[in-house]
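Please look over the sequence and the model below before reading on. The report then goes through sheets, helices and cores in turn.

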Amino acid sequence: MSNNKEFDVIIVGGSYAGLSAGMSLGRSLKQVLIIDSGLPCNRQTPHSQNFITQDGEKPSEIAKKAKQQVSRYQSIEFYEGIAEKGKILGKGFEITTQQGDKFTSNKLIFATGIRDIMPDIRGFSECWGKSVIHCPYCHGYEHRNKKTGIFINNERAFHLTQLVNNLTDKLSILTSGVSIFTVEQLEKLGKHQISIIEDQVIAFEHKHGQIKNVILEGDKKVSFDAIYSSVPFEQHCNIPVELGCELNEQGYIKIDAFQKTNIPGIYAIGDCSSPMRSVANAVAAGNFAGAMVNMELTEERF
């Protein structure tokens, strides 16, 4: 990159959302710095689905092609590293990287994603994103008509079961403890012959991340081809909160309809601000935010 230290916009996070925002701004000749560590949330996922023109492509290939295209815009620069600190200046913002480099900008866009917190269950993390999956829209078609488990015991379990039952009738719910379904929900589950397994889940047997069996307490085994699950998460980057950005009840950065946070001049896009975890949604949010930031900059300077 050049020796430039001042930019119109700094984008923290250079995956799908960040690159999309960068392209939108680059096409309006804005001076943009994209800071990225090269560790996207979905790096373990082998294929990206439900993204038109890219259906079934490897996420890494989508990101590689996207970066190549964004790099054609000469007003965009890339910095490989981790943003460590942020500061609100009189006009604009300052970002300091882990290497000690400092950059300033008029606007900030956080596309920093989230970090999934894996349960202490042997084999779970190795299967996550491959055969232990989170979203029927992203992965369901590929696992249609397969023997499938829902490994959740909270209010989301019934909702997800309804969606997955549309894709397979070989369905069981693993609650790893006493289930919390209501009488009405139990009646509906029974009507669709969906079994509930309350035995404690001990481990996931797999081969290269492809689930084979779930090991239950008492050394019982139940075979599965796919497992849907939901895990807690935390923000991948602490800078937005340190700068005063509010989080919502779910733990995502709170934004309005224009991707704006509660701090003027700071925007958030992608997984850090939305439960809709997909490449397509990240790209859409980035494209829109880039336009909104460009409009704000243009109005301020006109």
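What follows is a short report on the parts of this model.

## Basis of the model

The model is predicted; local features need pLDDT of at least 70 and side-chain atom pairs count only at pLDDT 80 or more, while totals for chains, interfaces and linings use all residues. Residues are numbered from 1 along each chain as its sequence is written, and side-chain values use heavy atoms, with hydrogens and water left out.

Helices (H or I, at least four residues) and strands (E, at least two) are DSSP runs numbered from the N terminus. Two strands pair if DSSP finds at least two bridges between them.

## The five-stranded sheet

Five strands make an open sheet with parallel pairing, in the order β8-β15-β9-β10-β11. Strands β8 (132-133) and β11 (195-197) are at the edges; each has a single partner strand, so one side of each lacks a neighbour in the sheet. Helix α5 (residues 156-165) packs on this sheet and touches β9 (148-151), β10 and β15 (226-229), where contact means heavy atoms within 4.5 Å. The direction of α5 makes about 165 degrees with that of β9; axes are lines fitted to C-alpha atoms, for helices over the stretch in contact, and angles run from 0 to 180 degrees between N-to-C directions.

Strand β15 pairs with β9 over four bridges and with β8 over two bridges, both in the parallel sense. Thr-148 stands opposite Ala-226 in β15, and Ile-133 stands opposite Tyr-228. Ala-226 and Tyr-228 point one way from β15, Ile-227 and Ser-229 point the other way, and all are buried (under 20% relative accessible area; exposed is over 50%, partly exposed in between, with a 1.4 Å probe and protein chains only). Further along, β10 (residues 171-174) is joined to β11 by three bridges, and Ile-173 stands opposite Ile-196 in β11.

## The three-stranded sheet

Another open sheet has three strands in the order β12-β13-β14, with antiparallel pairing. Its edge strands are β12 (201-207) and β14 (220-223), each with a single partner strand, so one side of each has no neighbour in the sheet. The twist from one strand to the next averages 30 degrees. Six bridges pair β12 with β13 (residues 210-216), and Leu-216 in β13 is the bridge partner of Val-201.

## Nonpolar cores

A nonpolar core is a set of buried Ala, Val, Leu, Ile, Met, Phe, Trp, Tyr and Cys residues joined through side-chain atoms within 4.5 Å. The largest has 25 residues, and those with the most contacts inside it are Val-9, Ile-11, Ile-34, Ile-109 and Ile-269. Elements that give two or more residues to this core are β1 (6-12), α1 (16-26), β2 (32-36), α2 (59-70), β3 (76-80) and α8 (279-301). Helix α8 supplies the largest share, seven residues. Apart from this core lies another of 21 residues, among them Phe-110, Ile-239, Ile-253 and Cys-272.

The 12 residues of α2 should span 16 Å at 1.5 Å a residue, and the end C-alpha atoms are 16 Å apart, which agrees; the expected span is 1.5 Å times one less than the number of residues. Pro-59, Ile-62 and Val-70 are the buried residues of α2. They cover an arc of only 60 degrees around the axis, which puts them on the same side of α2; the arc is that of the directions from the helix axis to the C-beta atoms. The buried residues of α2 pack against α1, β2 and β3.

Ala-284 is in helix α8 and counts as partly exposed, because its relative accessibility is 44%.
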